[in-house]
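Hi everyone, thanks for making time. I'd like to walk you through a few local features of one model, and please stop me whenever you like.

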Amino acid sequence: MPGLVSVKTPPRITVPDDTTTNHQIRPTPDPSSPAQRRPPSPSPSFSRAKPSPDRSSGKKKSPEKNNLLLDESSLDNPDLGPFLLKLARDTIASGDGPTKALDYALRASKSFERCAVEGEPSLDLAMCLHVVAAIYCSLGRFDEAIPVLDRAIKVPEVARGADHALAAFSGYMQLGDTHSMLGQLDRSIECYKEGLKLQMEALGDTDPRVAETCRYLAEAHVQAMQFDEADTLCKRTLEIHRVHSPPASLEEAADRRLMALICEAKGDYESALEHLVLASMAMIANGQDNEVAAIDLSIGNIYLSLSRFDEAVFSYQKALTVFKASKGDNHPAVASVFVRLADLYYKTGKLRESRSYCENALRIYAKPVPGTTPEDIASGMTEISAIYESFNEPEEALRLLQKSMKLLEDKPGQQSTIAGVEAHMGVMFYMVGRYEEARGAFESAIGKLRASGERKSAFFGVLLNQMGLACVQLFKIDEAAELFEEAREILEQECSPCHQDTLGVYSNLAATYDALGRVEDAIEILEYVLKLREEKLGTANPDFDDEKKRLAELLKEAGRSRNKKAKSLENLIDPNSKRTKKKTSSKKWSAFGFRN
């Protein structure tokens, strides 16, 4: 299976202040991640009514003023909206609780709406709705925030100028962040695209703020495993920063770390290494020692992928020395280096050292230092579980994955990550013969990925194949056939028909059709696979002889010889096929097996 989705710290949702209405959801920087998260970009301020000085004091409100807040008719007062909005912000800042702040913000929005001049869109109303949505999100009521933001983006009229365009931009970005917190990545990306389009129309294509939004959208594409789109956006970001930033700037370093992550995901390790080295030089020039250590960790990962083990160890040890000196021996950043060293030593056959580093990392995660996030611990435990799986200790791997799930299950914005963990658990359950639990884990993961818009990724196709295999073990052959068919369509599109994952699905689908009595369909698939191997992949692969033998058995059963001119699969797998299917119960089990 491909690598599981990495744990990503969800965006933070905060209440916009008096001077900015740019989208306020920003990921927390992850020192161990190759993609350095950027700080909030500068954003325009909207013109809005200011509360009178006497209303900004911290004096206790008189009974008359309390009655004013409760009287609906008073909402027609044009001074009340700005006052209530400030009160909502002050309530949040004082720690009195978001529920009271929400009440003030809702009343403020009603006042702005009542006092708006007919035919004149109110940017104050748009800003107030952004605040209401942010408070809903802080309460975990994301579904209620979405209609508020949908309304907010309809308030500005883009044709009226830059202020209105940037107000709409802010709304689209905040709406995209809210969809992201619900795991709806496809909707999130569409909102970011609309926001970027409006921002470019207002500020031009080369404004530094446009570069920040391009990077933000690129990160979303990376999270959705849409690496080509991310690559294009990140290159645009680099080009803009070359114009507006000095050489070796922090902005360029952040761009290059994201480019390295994209190149690594696409298998272009040499380019990834080049970007990381340039990013490291920029961080050194700016005195960012901890960031240099984080980049050294990423460089070590690239060396490990290139099997340059000595250089990987050197990079990891450099990062470890800095993290211990600056953060302490029990910081999760130290544990993350231990995990990478454990993986390296396993791959070089030093199993005792590998196990020792795993245990050291787990000791840190068992007693985390203050400030450690559950996402950091869950990410580390997920990686360690993969190493224990390699040790052939699936029960221990399952225990760690279950701990990761428990840490993440109540965290918003982690649906894709949880789906990755569930997929890994499904594989573990399958390995130990717990097929019903494997099917349940795969089904849950697939449901989350469908909801988040990742239903067209190669990872999703592989996951469908895995669930199909679990269904085969449970004798749910019809369900398995549907899963293999969907997996085939996705992997053909994402990986090509000649990819090993796609060929494996073809083989599984042929076996399933044979079990269902659809011998002709099974024969046509195997003829197509053999033709691919003979014409494009060569016949040296041991799977070729196995598939040829399987085809011979089916042809013998069908009483005919092989058709050298294999038919295209374009219309082969048709749910509306007119062929009559035999019942599974009347058909002996398939003579050939299934492939993981």
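**A walk through the helices and loops**

Let's start with Val-277, Leu-278 and Met-281, which make a nonpolar surface patch of about 240 Å². Before going on, a word on where this comes from: it is a predicted model, so local features need pLDDT of at least 70 and side-chain atom pairs count only at pLDDT 80 or more, while totals for chains, interfaces and linings use all residues. Residues are numbered from 1 along each chain as its sequence is written, and side-chain values use heavy atoms, with hydrogens and water left out.

Patches here are made of residues with over 30% relative accessible area and no salt bridge, with like charges joined within 9 Å and nonpolar side chains (Val, Leu, Ile, Met, Phe, Trp, Tyr) joined within 5 Å. A salt bridge is a side-chain nitrogen of Lys or Arg within 4 Å of a carboxyl oxygen of Asp or Glu. The areas are Shrake-Rupley values with a 1.4 Å probe, and for residues only the protein chains shown count as cover.

Leu-278 sits in helix H11, residues 269–285; helices are DSSP runs of H or I with at least four residues, strands are runs of E with at least two, and both are numbered from the N terminus.

In the loop between H10 and H11 we find Asp-268, partly exposed at 34%. Its C-alpha atom is separated by 9.7 Å from that of Ile-302, 34 residues apart along the chain.

Now for some backbone angles. Most residues other than glycine have a negative phi. Ala-248, however, has a positive phi near 60°; Ala-248 lies in the loop between helix H9 (227–244) and helix H10 (250–265). Ser-496 also has a positive phi, about 90°, and its place is the loop between helix H21 (477–495) and helix H22 (500–515). Ala-248 is partly exposed at 32%, and Ser-496 is partly exposed at 29%.

Last stop: Lys-406, in helix H17 (residues 394–408). Lys-406 counts as exposed, with 64% relative accessibility. The C-alpha atoms of Lys-406 and Ala-378 are separated by 8.7 Å, and these residues are 28 apart along the chain.

That's my tour, and I'm happy to take questions.

Key. Buried means under 20% relative accessible area, exposed over 50%, partly exposed in between (1.4 Å probe, protein chains only).
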